[in-house]
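Biologist: I would like to learn how to read contacts in a protein model. Can you take me through one?

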Amino acid sequence: MSIIFNNVRIPMSGTFFPGQKVLVEKGKVASVGSMIRKNVEKVIECEQKYLIPGLIDAHSHLGLFESTVPVDDINEPYADITPHLRPLDGVKMRDRAMEDARRAGISTCMVCPGSERPISGLCSILKTNGNSADVGLIVEQAGVLMSFGEQVKATAKKSEKSYVTRMGVSALIRETLMKAQDYYSLKQSKKMVKDREIDMEALIPLIKGEVPMRACAHRAEDIMAAVRIAEEFKLKLVIEYGTEAHLLASLLAEKKIPVVLGPTLVPRFRYELNEKTFESAKILMDAGVEVAFTCDYPGLPIETLRVAAAMAIQYGLEEKRALAAITEVPASILGVDARLGKIKKGMDGDLALFSGHPLDIRSRLEALVVDGDLFVFSNDLKIESGN
Amino acid sequence: MKTILEKGIIFYQGKFQELDKLVIEKGKITEVVLASAKAKKGKPAPAPKKKSETSANVINCSDRYILPGFIDAHTHISLEEEGVGYYDADYNESFGLATPQVRAFDALKMRDKAFNDALHGGVTTAMITPGSANPIGGQCCIVKMVGNVAEAAVVKESSGMKFAFGENPKRVYGEQKKFPSTRMGTAAVIREWLMKAQDYLKRKKTKEFKEREIKLEAMLPLIEGKIQARAHAHMADDIITAYRIAQEFNLDMVFDHCTEGHLIAKELGKWKARAVVGPTFSSRCKPELRNKTFETVEILMDEGCVVALTTDHPVIPIEGLSVAAAMCVRHGLDEERAIKAITENPAIILGLDKRLGKLEVGYDADVVVWDGHPLDVRSKTEAVFVDGNKVI
């Protein structure tokens with residue numbers, strides 16, 4: 001389908017530029033400017049509404065928790081090390097949360113298993129327009145999720161099977177990474193016929209540095225444990241949650257470690273959330289750290305991604321950087337910035353049209369385009385069939 | 001000795017037609033003559049009677065319906081003998097996780113009343129599979145509904161490997177406080193064993209190979225494409241996960257239950273999927289059954305899938321097979337395709353379409369004579385032949 005947005009505001013060098021046209025063809029942004037003339041199937045008269053790139057949540061469990069069903073597909077409480085779990089095998093694309101995500105303007109999510117076990121599985125990048133997990137898939141192997149801190153300990157204690165201290169968790173992760181390194185070098189040497197080990201196979205891209213270790217950590221100590229391990233094993237690292245990351249801002253900036261920050265809109269219901277503040281984003285960004293917001297669905301409803309950015313503005317962050325933290329920056333952290341996160345010719349046709357400023361919570365989403373598929377959420381929107 | 005069924009209405013070449021005669025000899029169908037064919041020819045000169053023909057057992061079937069024995073391509077008949085309970089529950093090795101070495105054939109109880117019920121319901125052949133508690137449950141078999149010992153009933157001792165996706169395995173193992181308790185975990189267990197089996201097959205061909213491993217030996221026919229993968233999957237996403245794994249490991253896969261198949265009918269059609277749909281008569285007793293409908297069969301058939309119906313006995317008693325077909329008719333499916341869904345189609349799905357599912361020359365003489373239309377629930381089976389032997 002080809003769609004043109006007429007007379008729309010789009011973000012440009014820190015402000016919203018009015019009177020623009022955006023053309024989407026064959027699932028991609030084909031052209032941006034004020035002078036586009038083209039016969040298309042759908043013409044959307046936007047009357048100076050706001051068009052932004054489809055929003056990206058860089059950490060979620062979308063589809064792994066099924067709305068209203070008490071048993072989820074997020075955590076494996078009875079296995080410590082499962083890097084070979086693949087979100088694709090658990091995601092329910094028809095779950096209501098997918099529609100919720102679209103209604104919130106979200107076109108892309110990183111979906112991963114839960115953060116209750118030391119190494120819990122692969123991180124995959126999905127779009128929200130799919131009708132089966134395979135259809136929405138962008139990158140299946142975009143990282144390996146590892147976790148530190150209270151939640152891992154709590155689950156270990158409950159399952160009565162496993163390491164229950166922070167030292168134990170780090171030891172277990174190190175043991176696994178050592179094995180993976182040796183497995184990989186043995187495999188490269190080709191000296192013997194060896195049966196593959198499914199968990200080790202899943203760790204090879206991490207060991208090779210092709211994908212990052214995505215480390216769930218709230219407290220500064222837990223973040224440091226992840227940093228230490230990543231350096232020992234020469235792994236790329238992304239910090240998830242990062243509740244106390246602002247306490248390590250300059251260190252993270254120096255080491256170029258990005259943070260997927262959140263969910264901040266929760267009460268301090270665990271000790272490790274004690275230092276939680278909406279100022280984190282600004283402090284980290286000022287120090288030079290790449291920051292993306294997450295609502296950690298179902299930690300928070302998926303609709304609150306925009307709210308997280310707005311709250312940071314309330315605490316001093318500039319609009320431009322808040323918007324980037326739910327568009328460009330998550331695209332960059334996920335390694336898909338060549339195709340997502342900006343309104344630019346040649347990039348994916350993922351666009352969200354809001355009635356007012358997208359970071360004013362009162363603005364409503366009128367339409368969402370994902371890979372050129374149009375979802376309309378407003379009856380007032382003027383859509384005409386082109387010639 | 002020959003048996004000859006005369007007159008009546010036969011389900012032949014996909015539709016109901018007037019029969020002149022059907023001849024059964026040595027367990028096979030040797031001749032089918034339609035009334036229309038005979039009328040065309042006119043009266044042939046009366047051939048001199050051969051001696052053998054005089055000893056034929058002739059049954060007049062006027063006003064009766066003559067059908068192939070029905071086939072249920074997914075049951076657990078006799079794995080839990082009816083009326084016995086726990087001591088006889090042989091469905092699931094629910095502490096084993098992956099139990100490919102387990103064979104349903106070794107747990108058949110030939111005196112289970114269900115076999116006789118099946119015959120009264122016009123069912124002459126069934127696939128019997130281990131349960132769906134384990135990600136890899138074990139080997140399925142195909143038997144006819146007769147015989148004192150399993151060997152007398154056997155069609156195939158090992159016809160497929162049972163896999164389970166969705167709620168069952170994660171519930172069973174989650175409650176035991178064991179891995180897996182997510183869908184991802186279930187898929188991981190299945191992949192792990194398929195990978196092991198692939199590597200085992202490679203290793204077996206080298207000199208390093210020493211001791212056999214029973215589980216992996218059991219997986220070899222599957223990896224080599226000699227038996228089917230049978231995937232228990234209700235939800236659309238589970239069906240897609242099963243398909244994904246089948247593609248990764250090049251498995252010959254049949255989808256069992258396929259409750260939400262209608263939601264992904266286009267995909268299933270594209271894959272030319274084979275689906276054994278049911279038990280649709282059950283209640284929506286778990287979340288993954290929430291979209292259950294009797295319309296699934298027609299929607300999938302319209303997309304070009306091969307669809308069979310199942311009772312999943314004992315979930316629904318085996319006699320309910322023709323009732324399930326009738327329910328599909330009530331929901332819009334045409335009669336002919338409803339009957340195919342319990343005759344030809346399950347035969348195709350089980351890989352037995354050269355000998356079962358039709359009343360044609362050369363096919364097994366599994367023939368059922370109904371006193372009325374077989375999809376009228378009031379009709380009874382008057383006579384049932386299995387391999388040419390009259391068993392009712």
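Biologist: How many salt bridges does the rule find across the interface of domain 1 of chain A and domain 2 of chain A?

Modeller: A salt bridge is a side-chain nitrogen of Lys or Arg within 4 Å of a carboxyl oxygen of Asp or Glu. Across this interface the rule finds four salt bridges. The side chains of A:Asp350 and A:Lys127 also meet in a salt bridge, at 2.7 Å from N to O. A word on the ground rules: this is a predicted model, where local features need pLDDT of at least 70, side-chain atom pairs count only at pLDDT 80 or more, and totals for chains, interfaces and linings use all residues. Residues are numbered from 1 along each chain as its sequence is written, chains are lettered from A and ligands numbered from 1 in the order written, and side-chain values use heavy atoms, without hydrogens and water.

Biologist: Where do domain 1 and domain 2 of chain A lie in the numbering?

Modeller: Domain bounds come from an automatic or database domain assignment. Here domain 1 takes 1–53 + 342–387, and domain 2 takes 55–340. Their C-alpha centres lie 31 Å apart. Contact means heavy atoms within 4.5 Å. Domain 1 of chain A gives 24 residues to the contact, and domain 2 of chain A gives 28.

Biologist: What area is buried between domain 1 and domain 2 of chain A?

Modeller: Buried area is the accessible area (1.4 Å probe) that two parts lose on being put together, summed over both. For these domains of chain A it is about 2100 Å², with 65% from carbon and sulfur atoms.

Biologist: And which strand of chain A does β17 join, and how do they run?

Modeller: Strands (E, at least two residues) are DSSP runs, numbered from the N terminus. Two strands pair if DSSP finds at least two bridges between them. In chain A, four bridges join β17 (residues 365–370) to β18 (residues 373–376), and they run antiparallel. A:Val369 stands opposite A:Leu374 in β18(A). The two strands form a hairpin with two residues between them. In the turn, A:Asp371 has a positive phi of about 50°.

Biologist: Now the two chains. How many residues of chain A are in contact with chain B?

Modeller: Chain A brings 37 residues and chain B brings 33. The chains bury about 3000 Å² between them, 50% of it on carbon and sulfur atoms. A:Tyr78, A:Asp89 and A:Arg196 lose the most area in chain A, together 23% of what that side buries.

Biologist: What is the count of salt bridges between chain A and chain B?

Modeller: The count is 10. The side chains of B:Arg191 and A:Asp89 meet in a salt bridge, at 2.7 Å from N to O.
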